[in-house]
Amino acid sequence: MYIEKDEETGALSQVGYTSATVVSTAANYIMDRPEPFTHTFRTYIRLRESGKLNFKLWHSNAVDSTWNLGQEASGSELGGEWRIEAAYIADGGVEMNGAVQEQTQVAVLFDGSTTRNVKPGESFWSDEIAMELPEGHLMVFTWTLTTRSPGRTIPYNVEGILVSAYDAPGNLAAQESAESFALSDNLLVLPSFIGYKKQVNKKLVFLGDSITQGVRTLKDEYEYWVARIAAGLGANYGVWNLGSGWARAYDASADGAWLNKAKQGDEVVIVLGVNDIDIGNRSSEELLSDLTVIISKLKEANAEVKIILGTVPPFNFQDEREQTWRSVNSEILSNNLAGVNRVFDIAGLLSLPAPNDHRIRPEYMSNTDDPHPNGTAGKAIADAFLNWY
């Protein structure tokens, strides 16, 4: 996605940077601690390209989507006040062991400073950073964050971490070794956008829930469908994955931080509805209304944006929820929703034959009890999408 810094607001707009990774950095949770803390977070990320690269990071201090019933975190909730003590990118080599390659750390600066105070709901950019990454090596992003008060402060992603991440108490961002670092447990704390300077043919945004994020697929394998599509399209297509575990359409239709990110795409692929039908207990009319609002807001921001709307994937719904799922997908497949350019029938790829088409094929389930699509399903979806696209 081409993005630049607005000096007044830190908002996203278009100019020469695209997402460097297909890892989703959407936030669906917020740290809630009884006392202030200083902590370091280190994450290994496979980039879409290697070699000599120029990066910029952008961050939005807000929760993107609702977690569970919303008590823990709700869509568009603002983060609190906190401080970046130090941040670095580095060559992580090929072993994700908590350390970085010696003498490869490059400091991330913010308006020339190694530190930055972050305000509630604020969005901001880093300065440009140059680094050379050898072929096959991972980039490591490390930063130390300090909260100024107890309570709810830093938004992050808690659902099904798909990359190796480590964390440690204290200010250890500059440390190259793995000493004191431990493997993170469902704790993905990253900037909202890790971009590199790249002119692309088209900017694709994937807006969805855990199925788009890739939850339950193998860690560090990039086998979920969005990652496979990005690999198939190649680096001349920008791909920004905004999949967020537990997310629902009404999070995006609220037109907050999450949808603002999606507005940066030339083309937006929307696959939402599972959580609306399930934990959200939305009716078909409510869900279709939310999808219509999302599409209209994207079109308002960019009249030329192309919308690909996915059917709601099967999630083994029963009874009333099954009927809602069928009603929504029937309407999507009829292509009656205003503003939709194309419909991608992801449900049809994953479902058992009728009349059991509300159920996902067993070979595509992440385990016998969990209908999240696995890596095999990711390949089937990506192959079909690339052939169809």
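1. The lining of the largest pocket has 7 nonpolar, 1 polar and 3 charged residues, and this is a predicted model, which should be kept in mind throughout. The residues around this pocket include V22, L47, Y222 and G234, together with R46, R48 and R228, and the space inside the pocket comes to about 190 Å³.

2. The second largest pocket, with a volume of about 160 Å³, has a lining that divides into 4 nonpolar, 4 polar and 4 charged residues. Helices α1 (210-213) and α5 (274-277) each supply at least two residues of this lining, and among the other residues named there are E159, W246 and H372.

3. The whole structure holds 17 aromatic pairs. One of them joins Y29 and Y156, whose ring centres are 5.6 Å apart and whose planes stand at 70 degrees, over the limit of 60, so the pair is edge-to-face. Because Y29 belongs to strand β2 (residues 29-33) and Y156 to strand β11 (residues 151-156), the pair ties together parts that are 127 residues apart in sequence. Y156 counts as buried because its relative accessibility, 10%, is under 20%.

4. F385 and W388 form a tilted pair, at 5.5 Å centre to centre and with 55 degrees between the planes. Both residues lie in helix α9 (residues 375-388), 3 residues apart, which is about one turn of the helix. F385 is buried, with a relative accessible area of 0%, whereas W388, at 27%, counts as partly exposed. Ring pairs also link F385 and W388 into a cluster with F206, W225, F344 and Y389.

5. Two charged residues lie over ring faces: R33 over F37, at 4.7 Å from the ring centre, and K56 over W125, at 5.9 Å from the ring centre.

How values were computed: Residues are numbered from 1 along each chain as its sequence is written. This is a predicted model: local features need pLDDT of at least 70, side-chain atom pairs count only at pLDDT 80 or more; totals for chains, interfaces and linings use all residues. Side-chain values use heavy atoms; hydrogens and water are left out. On a 1 Å grid over the protein atoms alone, a cavity is a set of points where a 1.4 Å probe fits but cannot get out, and a pocket is an open set with protein on both sides within 12 Å along at least five of seven lines; lining residues have an atom within 4 Å of a point. Grid points are joined across faces, edges and corners, and a volume is the space filled by probe spheres set on the points. Ala, Val, Leu, Ile, Met, Phe, Trp, Tyr, Cys and Pro count as nonpolar, Asp, Glu, Lys and Arg as charged, and the others, Gly among them, as polar. Helices (H or I, at least four residues) and strands (E, at least two) are DSSP runs, numbered from the N terminus. Rings of Phe, Tyr and Trp (its six-membered ring) pair if their centres lie within 6.5 Å; planes under 30 degrees apart count as stacked, over 60 as edge-to-face and the rest as tilted. Buried means under 20% relative accessible area, exposed over 50%, partly exposed in between (1.4 Å probe, protein chains only). A charge sits over a ring if NZ of Lys or CZ of Arg is within 6 Å of the ring centre and within 35 degrees of the ring normal.
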